[in-house]
Amino acid sequence: MRLRQRAVRGIAASAAAAALVVGLAGCVGGDANDGPTGPNGYDLGATIGDDVRAWVDVSETTSTLDVILEQAGASQPLGVCLGSGGTVCVIGDVATQPYVVFMGPAGEGTTTLTWYGTPLEMTHLEHVPGELNQVYVAAPPPGDPNALSYSFSVADASGAVIYTQ
């Protein structure tokens, strides 16, 4: 009986020591990347302005694109945009601080948001496979939410427009 108790205690002590080593191993060394950490499974696609991060994820089963905009230091995201080709999301308050997410075809040139008649170059998000519709984000100036006016164009490397919406 005594031998059995010692064996059980020895096994328990060994398991506790192994758990402690595994737990401490996660604390040592760490990742060399000191940048921001996003939602689980999302990659940082771009930083818009000084403090807005655009995180992107691609569904492995449906190839649906999921974008989360987050402002540094905020406890809640600014907004989420889920979709595929042709999806447009206007996130935030149009009258004070809007953000526009556009999911459209890849172009070798620029993607332009025309916001209330003013053209603005959009930021292309990284970490989206080339065979999928690409994701572009812009932070336009405030506008009148009652008369929302915008359009998009994607250009090739020579500047020729290959897509408009």
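Leaving aside residues up to four places away in sequence, Val-67 touches Trp-55, Val-56, Gly-79, Val-80, Cys-81, Val-101, Met-103, Leu-125 and Val-135, a contact being heavy atoms within 4.5 Å. This is a predicted model, in which local features need pLDDT of at least 70 and side-chain atom pairs count only at pLDDT 80 or more, while totals for chains, interfaces and linings use all residues. Residues are numbered from 1 along each chain as its sequence is written, and side-chain values use heavy atoms, with hydrogens and water left out.

Val-67 is, together with Leu-69, Val-101, Leu-125 and Val-135, among the residues that touch the most other members of the largest nonpolar core, which has 20 residues. Such a core is a set of buried Ala, Val, Leu, Ile, Met, Phe, Trp, Tyr and Cys residues joined through side-chain atoms within 4.5 Å, where buried means under 20% relative accessible area with a 1.4 Å probe, protein chains only. Strand S2 (52–58) is one of the elements giving two or more residues to this core, and S2 gives the most, with four; strands are DSSP runs of E of at least two residues, numbered from the N terminus. A second, separate core of ten residues includes Val-94, Phe-102, Leu-113 and Val-154.

Four strands form an open antiparallel sheet in the order S5-S6-S10-S9, pairing being assigned if DSSP finds at least two bridges between two strands. Strands S5 (88–91) and S9 (123–124) stand at the edges, each with a single partner strand, so one side of each lacks a neighbour in the sheet. Five bridges join S6 (residues 99–104) to S10 (residues 134–138), and Val-100 has Ala-138 as its bridge partner in S10.

Over residues 1–31, pLDDT, the predictor's confidence in each residue from 0 to 100, stays under 50. Where pLDDT is low, the predicted coordinates should not be read in detail.

Notes
Buried means under 20% relative accessible area, exposed over 50%, partly exposed in between (1.4 Å probe, protein chains only).
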